[in-house]
Amino acid sequence: MSKNEVFHSTVGQLVDFLRTLPQDLPVLTSSYENGFEIFYQPSVIKVRHEPENMYYEGEFQISDEEDQDIFKAVVLRRVVRG
């Protein structure tokens, strides 16, 4: 599976989309089970694709230096409360 088939948007597409919105709208990310949360500043990290993971583990994981097929991705980490 190519990266184009895995990802729904790129940084450029996200920026273009966000520019079309009112600039005072809040930004959220999905919560653990349901609802939504605020998120930290976007960051770029190295990840690996693990499509076989259970839904609660996430399809992408932070990579170890010895992992194969790692790549950089922009991540919006949700704020974890309590």
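Arg48 is buried, and so is Glu50; buried means under 20% relative accessible area, exposed over 50%, and partly exposed in between, with a 1.4 Å probe and protein chains only. The side chains of Arg48 and Glu50 meet in a salt bridge with an N to O distance of 2.4 Å. The model is predicted: local features need pLDDT of at least 70, side-chain atom pairs count only at pLDDT 80 or more, and totals for chains, interfaces and linings use all residues. Residues are numbered from 1 along each chain as its sequence is written, and side-chain values use heavy atoms, with hydrogens and water left out.

**Salt bridges**

- The whole structure holds two salt bridges, a salt bridge being a side-chain nitrogen of Lys or Arg within 4 Å of a carboxyl oxygen of Asp or Glu.
- Besides the pair Arg48 and Glu50, the side chains of Arg81 and Glu37 form a salt bridge at 3.0 Å, N to O.
- This pair links distant parts of the chain, 44 residues apart: Arg81 belongs to the segment after strand 5, and Glu37 to strand 2 (residues 36-38).
- Strands (E, at least two residues) and helices (H or I, at least four) are DSSP runs, numbered from the N terminus.

- Three strands make up an open sheet in the order 4-3-5, with antiparallel pairing.
- Strand 4 and strand 5 are the edge strands, each pairing on one side only.
- Direction ignored, neighbouring strands of this sheet are turned by 60 degrees against each other on average; the axes are lines fitted to C-alpha atoms, for helices over the stretch in contact, and angles run from 0 to 180 degrees between N-to-C directions.
- Two strands count as paired if DSSP finds at least two bridges between them.
- Strand 3 (residues 43-49) pairs with strand 4 in the antiparallel sense over three bridges.
- In this pairing, His49 stands opposite Phe60 in strand 4, and Arg48 has Gln61 as its bridge partner in strand 4.
- Strand 3 and strand 5 also pair in the antiparallel sense, over five bridges, and Val44 stands opposite Val74 in strand 5.

**Gln61**

- Gln61 is placed in strand 4.
- A polar atom of the Gln61 side chain lies 3.3 Å from the backbone oxygen of Gly58.
- Which residues does Gln61 contact, leaving aside its neighbours within four places in sequence? They are Lys46, Val47, Arg48, Glu50 and Asn53, where contact means heavy atoms within 4.5 Å.

**Asp69**

- Asp69 is found in the loop between strand 4 (60-62) and strand 5 (71-75).
- Its phi is near 55 degrees, a positive value in a residue other than glycine.
- Asp69 counts as exposed because its relative accessibility is 68%.
- Not counting residues up to four places away in sequence, Asp69 touches Val47 and Arg48.
- Asp69 and Ile45 are 24 residues apart in sequence, and their C-alpha atoms are 14 Å apart in space.

Note on methods. A polar contact is a pair of N or O atoms within 3.5 Å; within protein, one must be able to donate a hydrogen and the other to accept it, and residues adjacent in sequence count only if both atoms are side-chain atoms.
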